[in-house]
Amino acid sequence: MELPRNAAYVVAGAGIHGLSTAYHLAKELESRGAGQGTDVVVLDKAGPGAGASGIACGVVRNNYFQPAMSELMQACVEVWESDPAAYAYNPVGYIALGASVQEADLTATYERQERIGYRSELIVGEREVDTHMKTLFPDWRAQGVTVCLHEHQGGFAFNMDSVHGLYGKCREAGVAVLSGVEVTGFEDAPDGSIEAVETSQGRIEVGEQVVVAPGPWARDFWRLLGLPETIDVRTPSGEVVPDRPMWTYWNLQEGEVGVDPLSFATADGGPPPVIHLDTDAPLHTDEGELLTDELWGIYFKRDRHSVQGGASPLVVEGDVELDPYPQTTNVDPSFPDLFCAGLSHALARFEGCRALYRDARSGGVGAFTADNFPVFDYLRPNLYAILDSNHGYKMIGVGKEVASVLLGGHSRLLYPFRFERFETGDLHPVSSSPYPWS
Ligand SMILES: Cc1cc2nc3c(=O)[nH]c(=O)nc-3n(C[C@H](O)[C@H](O)[C@H](O)COP(=O)(O)OP(=O)(O)OC[C@H]3O[C@@H](n4cnc5c(N)ncnc54)[C@H](O)[C@@H]3O)c2cc1C
């Protein structure tokens with residue numbers, strides 16, 4: 001399809017956020033009699049799912065210590081649950097297991113989930129957690145775990161399948177999704193709004209609004225918009241930390257073991273919840289070599305042909321080359337040992353799985369904001385940015401909220417993620433988790 005000369009709404013990026021926004025916007029325009037899907041054009045320099053959404057582990061959970069993240073995630077899970085078939089969503093639940101240092105955080109998270117009506121249960125105490133896990137998995141043997149948050153909603157979705165599900169919904173709604181069109185710049189009107197989007201295939205005049213949903217390329221769009229590389233951040237105590245880099249990059253380390261996926265089942269033969277295990281128990285290989293005696297963690301799920309998951313990400317130092325994505329990612333050579341030893345530490349059935357580790361391309365680079373939480377906000381009078389700080393595959397509902405904002409609504413759920421928070425000090429509370437996304 002040829003590049004149109006103008007469009008009411010131009011969305012840059014065909015990942016989970018760009019496609020969800022386009023689809024929900026099309027529905028909103030139609031239901032309000034304010035337009036239709038053909039008013040919306042999505043541009044992607046590669047194609048749907050070419051970015052982080054196409055390689056995400058796909059975990060959908062609500063285990064967030066920050067109230068605003070938790071409430072937003074509840075709305076996102078509702079979207080996943082609205083059409084599990086199209087979104088390739090597996091509502092198997094999610095279990096977070098932690099060492100004593102995480103007890104208070106997980107308890108607070110559970111109490112909030114209870115308040116907002118998100119179905120979960122909390123188990124505290126080493127023996128109690130062990131019993132809960134052994135009921136599900138008789139060969140459970142992880143040590144040093146004193147708290148368990150078992151979410152009965154959430155689970156995971158298959159990354160490319162869900163992107164294609166959204167892509168199909170966009171097309172059915174009349175939205176044009178154009179692959180191989182790179183956004184290269186913006187033409188400004190005197191009031192700072194965007195008059196036209198410049199692309200590798202020509203310019204598109206903007207009738208109404210632009211949405212950018214660039215995933216890891218957030219830094220590049222930030223530059224295109226002439227925004228500063230560093231910002232001052234006011235902390236909740238009022239102290240101002242000057243010159244914080246707006247964007248940092250982390251390598252998300254993930255991998256898979258080629259065991260029979262059906263061997264990872266619950267005691268009654270059912271599909272297993274996604275498991276996230278953090279513990280300070282010493283971690284040994286199956287041969288007895290000590291890998292670490294400090295806090296470590298892994299997460300894993302049953303995939304179609306393997307058991308797949310990851311561990312703590314690593315900061316990428318210096319400038320990051322993103323293209324071709326995700327081939328520029330480096331996984332630490334120690335990751336396979338840690339991941340496989342962690343699986344074996346958790347469940348006896350995974351003993352010896354190191355030999356089955358697959359040296360497949362897994363993992364990728366993610367972009368994080370100055371406080372590691374998303375920025376959902378207008379950066380120009382008619383340019384809305386969805387910069388998700390790598391939390392975002394599970395956030396399929398953000399596009400629905402954004403669609404309503406674009407049409408003049410207020411989103412209580414997105415408000416805590418406005419850019420202004422860095423100036424006002426309305427930052428999100430920080431948890432004791434070793435991960436930048438909890
Ligand atoms: C290895 C890994 C595992 C992850 N696991 C999970 C998980 O289990 N659960 C979870 O919730 N999140 C996870 N995440 C985070 C999640 O994948 C991202 O936060 C989310 O997919 C970002 O979605 P997006 O739509 O913003 O960006 P993307 O999916 O990256 O889409 C951005 C699109 O923009 C396009 N683009 C870039 N520049 C331009 C340009 N100039 N012009 C036109 N198009 C352009 C790209 O081609 C791309 O298709 C993971 C991330 C990684 C890297």
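1. Alanine 96 sits opposite histidine 276 of β17. Strands here are DSSP runs (E, at least two residues) and helices are runs of H or I, at least four residues, both numbered from the N terminus. Helix α7 (residues 335–346) packs on the sheet and touches β16 (254–257), β17, β20 (296–302), β21 (307–311) and β23. Contact means heavy atoms within 4.5 Å. The direction of α7 makes about 75° with that of β20; axes are lines fitted to C-alpha atoms, for helices over the stretch in contact, and angles run from 0 to 180 degrees between N-to-C directions.

2. This is a predicted model: local features need pLDDT of at least 70, side-chain atom pairs count only at pLDDT 80 or more, and totals for chains, interfaces and linings use all residues. Residues are numbered from 1 along each chain as its sequence is written, and side-chain values use heavy atoms, without hydrogens and water.

3. β5 (residues 94–98) and β17 (residues 274–279) pair in parallel over four bridges. Pairing requires at least two DSSP bridges between the strands. The open sheet has eight strands, ordered β6-β7-β5-β17-β20-β21-β16-β23, with mixed pairing. β6 (120–124) and β23 (357–358) are at the edges, each with a single partner strand, so one side of each lacks a neighbour in the sheet.

4. Now the ligand. A backbone N or O atom of valine 183 lies 2.8 Å from a ligand nitrogen. For histidine 391, a backbone N or O atom lies 3.1 Å from a ligand oxygen. Polar contacts are pairs of N or O atoms within 3.5 Å. Alone, the ligand exposes 1,000 Å², and the protein buries 97% of that (Shrake-Rupley method, 1.4 Å probe).

Technical notes
Polar contact = N/O pair within 3.5 Å; in protein donor to acceptor, adjacent residues only side chain to side chain.
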